[in-house]
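Please open the model in a viewer and keep the selection panel at hand.

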Amino acid sequence: MGRPLKTLFKREHSEEISNPSDNRAFSQVAEVYLSRRRLLQAGTVAGAAAAFPFLLKQENALAKVVSKASGNLGKATTLGFTSLPVSTEDTVIVPEGYIAKPFYKWGDATGIAGNLPVFKTDGSNTTEEQAAQAGMHHDGMAWFSLPQGGNSSDHGLLAINHEYIDNGLLFKDGDANWSADKALKGQNAMGVSVIEVKKVPLG
């Protein structure tokens, strides 16, 4: 596999690593995946060796591959949760012991005192109401730990980009009867939200 991903990552991204928390970096998760690939490769090599034992002669290249693969097996680790089977269900599925729960959806009131419009699924919220509601199509996100300068993953500000709008969902009549008011409502459903997030005990 060549050099470890972590070394390669640091060389190609010499600027400060953007994950100062205690969570594993992506490069470490990727290393686990690649370790699993090495395990499968080793199994393939072992099968070939059983079928063609003469290939294991010391001067043969396969013998060197078997030796290297066997050494890598002890380094393989697990991701720490049970793998999920392939599914076509239209829902979010998480491993046992984990919970997935939306907490800032399109149409959620943004928390302006005295202006907390209820989301209407038929697209009938007004332009003014949408201005006080979360935007559509959450996209890129950035986390800013609190207090400022810390590296907490339990409390911080989450910046969310609302990438685009879906006229068929945002308006009762979709693209029909276009107007300046519709354009403004669309603008109110795009942009950036910054919300405070804090981990609290379940219950």
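**Helix 6 and its surroundings**

Select helix 6 first: its buried residues pack against helix 4 (127-131) and helix 5 (167-170). Helices (H or I, at least four residues) and strands (E, at least two) are DSSP runs, numbered from the N terminus. This is a predicted model, in which local features need pLDDT of at least 70 and side-chain atom pairs count only at pLDDT 80 or more, while totals for chains, interfaces and linings use all residues. Residues are numbered from 1 along each chain as its sequence is written, and side-chain values use heavy atoms, with hydrogens and water left out.

Within helix 6 (residues 180-188), display Lys 182, Lys 185 and Gly 186, which are buried; buried denotes under 20% relative accessible area, exposed over 50%, and partly exposed in between (1.4 Å probe, protein chains only). Viewed down the axis of helix 6, the buried residues fall within an arc of 100°, so they line one face of the helix. The arc is that of the directions from the helix axis to the C-beta atoms.

Next, select the three strands, which form an open antiparallel sheet in the order 1-2-3. Strand 1 (138-145) and strand 3 are the edge strands, each pairing on one side only. On average, neighbouring strands of this sheet are turned by 25° against each other, direction ignored; axes are lines fitted to C-alpha atoms, for helices over the stretch in contact, and angles run from 0 to 180 degrees between N-to-C directions. Strands 1 and 2 pair in the antiparallel sense over six bridges, where pairing requires at least two DSSP bridges between two strands. Zoom in on Ser 145, which stands opposite Gly 156 in strand 2.

**The nonpolar core**

Now select Tyr 104, Ala 134, Leu 158, Ile 160, Ile 195 and Val 197, the six residues of the largest nonpolar core. Such a core is a set of buried Ala, Val, Leu, Ile, Met, Phe, Trp, Tyr and Cys residues joined through side-chain atoms within 4.5 Å. Strand 2 (155-162) and strand 3 (191-198) each supply at least two residues of this core.

Which residues are in contact with Ile 160, leaving aside its neighbours within four places in sequence? Among them are Tyr 104, His 138, Met 141, Val 192 and Ile 195; contact means heavy atoms within 4.5 Å.

**The whole chain**

Finally, select the chain, whose secondary structure comes to six helices and three strands. Of its 203 residues, 22% count as buried.
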